[in-house]
Amino acid sequence: MNTFFISIVHSYGYPMLWVTIFVAAVGLPIPGTLILLAAGAFAALGDFSLLFLIPIGITAATGGDNLGYVIGRRWGYRVLDWLTEKRRVRFVSPNAVARGRIYFKKRSGLAVFLTRFLFVALGGSINLLAGAERYPYRRFLLSDIGGQILGVLIPVGLGYTFAESWEAVGQLLGALSALLLALLIAIVLLVLLIRNLRKRQKADEDKKASQ
Amino acid sequence: MFKTGRKFGMTRRCFLWLSNLRGVSSVSIYRREKLTVVAFLIGGMVLLNARIKIALLVVLTLVALGTVAFAAITTVQAFHAVQQQHARARSGDVQAIRPWMTVHDIAHIYHVPENYLYHSLDIKDPTSYRRDDLTLLANRQHRPVDKIIRTVQASILMYRRDPPPPLASLTPSLSAQLIAEGVAA
């Protein structure tokens, strides 16, 4: 599937590049970073020009993010309301959803910024969530553009530098992303474990003290 | 006991089924202790005490740390692969040719005239193939992409060994002969 997108970008040039990056940014499972990496390599080999490539990448990615935001704003709040409704069997408690929403409101800007170039797989979901939470559009746009500048420059720059071996660089970026995500999850679990151990220790001490 | 189940959203049938399970038979004891809702079990919620929750967290943390170690090893291997691939391409190793490359890209990387490569692939009108990578080119010519890559590799090696005279002076039979000699070698 990756080969298909790279082939059509190579064959049909800038318009197809813009369309694929736009669709990838909306949240569909298209390897946007890999395509930008390949485009950077093609620029080094003379098939594309960096002067056009970078603005095309940034405008397409930002456009896709904005569409995701609009979709979230229009329909996302219904999903959040459904999650917080009282029902006999719930997948997530309303308290957890409410805490999640408060947490997201505090860190929305950072979440939007980081998911443009670091945790790219979460970008589509964050756009929808930002829209659903009515995150102020100007702040969203600012974080989005700032993140996407890095999100485009990094893969295009790497592709340009390692032109002939951009595929191996793509695999390295994928491995790095997986490593960072696994590290984040491990840290969260460790923090939860330590908190629970301390809570249990405190409960035992209170029990002993009351006896 | 049933009221406890109703409080946490269980149906009567589900609650009785849970009560009969081994290890969950003492649900009536658990309802007097402080409980933590942790997970679902088909149509309801299983109530676990703090000890089991900590044990679960320990297991998950160990799994996460194992995943981090695996991801770190994969990253290091990927880094070595980048170094190797880059060195091979820079040294002009023809084994580094990939299906995503166009003939123009190959000519640029391996310093071989573009028309020479088109000639070796028996393409008389290169204009319509300029933006096609080797995969598309293979599809259009109804040939396997591996065969196209081998032909290109052979022609590059032959070009290096014995650069031909200017292409204008090559007859089709002479160029075919030169390429056949290169493939046989």
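A salt bridge here is a side-chain nitrogen of Lys or Arg within 4 Å of a carboxyl oxygen of Asp or Glu. B:Arg98 and A:Glu167 form such a pair between their side chains, at 3.7 Å from N to O. The model is predicted, so local features need pLDDT of at least 70 and side-chain atom pairs count only at pLDDT 80 or more, while totals for chains, interfaces and linings use all residues. Residues are numbered from 1 along each chain as its sequence is written, chains are lettered from A in the order in which they are written, and side-chain values use heavy atoms, with hydrogens and water left out.

**Interface of chain B and chain A**

- Chain B gives 41 residues to the contact and chain A gives 41 residues, where contact means heavy atoms within 4.5 Å.
- About 3500 Å² is buried between the two chains, with 67% of this area coming from carbon and sulfur atoms; buried area is the accessible area (1.4 Å probe) that two parts lose on being put together, summed over both.
- Two salt bridges are found across the interface.
- Nine residue pairs, both residues at pLDDT 80 or more, are in polar contact across the interface; a polar contact is a pair of N or O atoms within 3.5 Å, and within protein one must be able to donate a hydrogen and the other to accept it, with residues adjacent in sequence counting only if both atoms are side-chain atoms.
- On the side of chain B that touches chain A, α4 (50-90), α5 (103-110) and α7 (134-141) of chain B each supply at least two residues; helices are DSSP runs (H or I, at least four residues), numbered from the N terminus.
- α4(B) provides the largest share of that side, 23 residues.
- By class, that side of chain B has 20 nonpolar, 13 polar and eight charged residues; Asp, Glu, Lys and Arg count as charged, Ala, Val, Leu, Ile, Met, Phe, Trp, Tyr, Cys and Pro as nonpolar, and the others, Gly among them, as polar.

**Largest pocket**

- The largest pocket holds about 1000 Å³ of space; on a 1 Å grid over the protein atoms alone, a pocket is an open set of points where a 1.4 Å probe fits, with protein on both sides within 12 Å along at least five of seven lines. Grid points are joined across faces, edges and corners, and the volume is the space filled by probe spheres set on them.
- Its lining has 40 residues, of which A:Thr33, A:Phe119, A:Val120, A:Ala121 and A:Ser177 are the closest to the centre; a lining residue has an atom within 4 Å of a point.
- α7(A) gives the largest share of the lining, nine residues.

**Salt bridges over all chains**

- The structure holds nine salt bridges over all chains.
- One of them joins A:Arg116 to A:Asp144, with the closest N and O atoms 3.1 Å apart.
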